[in-house]
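Have the structure open as you read.

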Amino acid sequence: TQLTTLEATLAAAESARMVKLEEAKSAAGKVSLRASGARALLRSLYRIRRFGMLRLLFGAEDPVELRRRASYLAAVLASDEDRTAEFARLAAEKTATAKAAEEANAATRALHDQLTTQRSGLDAERKRRTSRVARTATEKLRAFYHSRFAPGHRRRRIAVAVRAAGRSGR
């Protein structure tokens with residue numbers, strides 16, 4: 001019963017491990033998706049920095065162009081902040097999921113080791129009992145053989161029969 005309980009626990013741990021691995025894959029996919037967006041944003045920020053923020057703002061010919069450039073710059077910076085926060089959250093989620101998957105793997109390995117140890121103990125017990133049963137059966141067979149077919153056994157039966165016959169007067 002302990003063996004079946006351990007096997008059931010091992011199966012449950014294995015299924016939990018598979019769920020954690022799927023979550024880790026999902027988190028890794030989200031991070032890689034966000035990473036491509038972050039790369040594009042970093043390219044935009046690099047271009048802005050290379051062009052120069054002051055030039056971007058003060059290079060405008062008229063107030064409408066200045067407003068358009070300021071709006072673009074504010075949108076890029078706000079998007080950068082949002083994407084950076086989202087990327088950090090997803091990276092933390094990926095790390096936590098990977099850690100949980102590793103813990104599930106460790107628990108599964110521990111249960112597997114415990115099950116293997118218990119199985120080997122049960123196998124040793126089975127061998128010991130089997131040898132004991134075989135030894136007992138051999139001893140009983142030997143005792144039966146000696147009681148029926150030992151060399152002096154037949155002569156004793158004849159002698160007992162002759163004595164019994166002599167007493168009865170035959």
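Start with Arg128, which is partly exposed at a relative accessible area of 39%; partly exposed sits between buried (under 20% relative accessible area) and exposed (over 50%), using a 1.4 Å probe and protein chains only. Keep in mind that this is a predicted model, where local features need pLDDT of at least 70, side-chain atom pairs count only at pLDDT 80 or more, and totals for chains, interfaces and linings use all residues. Residues are numbered from 1 along each chain as its sequence is written, and side-chain values use heavy atoms, leaving out hydrogens and water.

Side chains of opposite charge can pair when their charged atoms come close. A salt bridge here means a side-chain nitrogen of Lys or Arg within 4 Å of a carboxyl oxygen of Asp or Glu. By this rule the count is six salt bridges, including these:

| Salt bridge | Closest N and O atoms |
|---|---|
| Arg109 and Glu102 | 3.2 Å |
| Glu125 and Arg128 | 2.4 Å |
| Arg129 and Glu125 | 2.8 Å |

Salt bridges with shared partners link Glu125, Arg128 and Arg129 into one network. Glu125 and Arg128 sit three residues apart in helix 3, about one turn of the helix (helices are DSSP runs of H or I, at least four residues, numbered from the N terminus). Arg129 is exposed at 51% relative accessibility, while Glu125, at 26%, is partly exposed.

Is Thr108 buried or exposed? Thr108 is buried, because its relative accessibility is 8%. Thr108 lies in helix 3, which covers residues 63-149.

Technical notes
Helix = DSSP H or I, 4+ residues; strand = E, 2+ residues; numbered from the N terminus.
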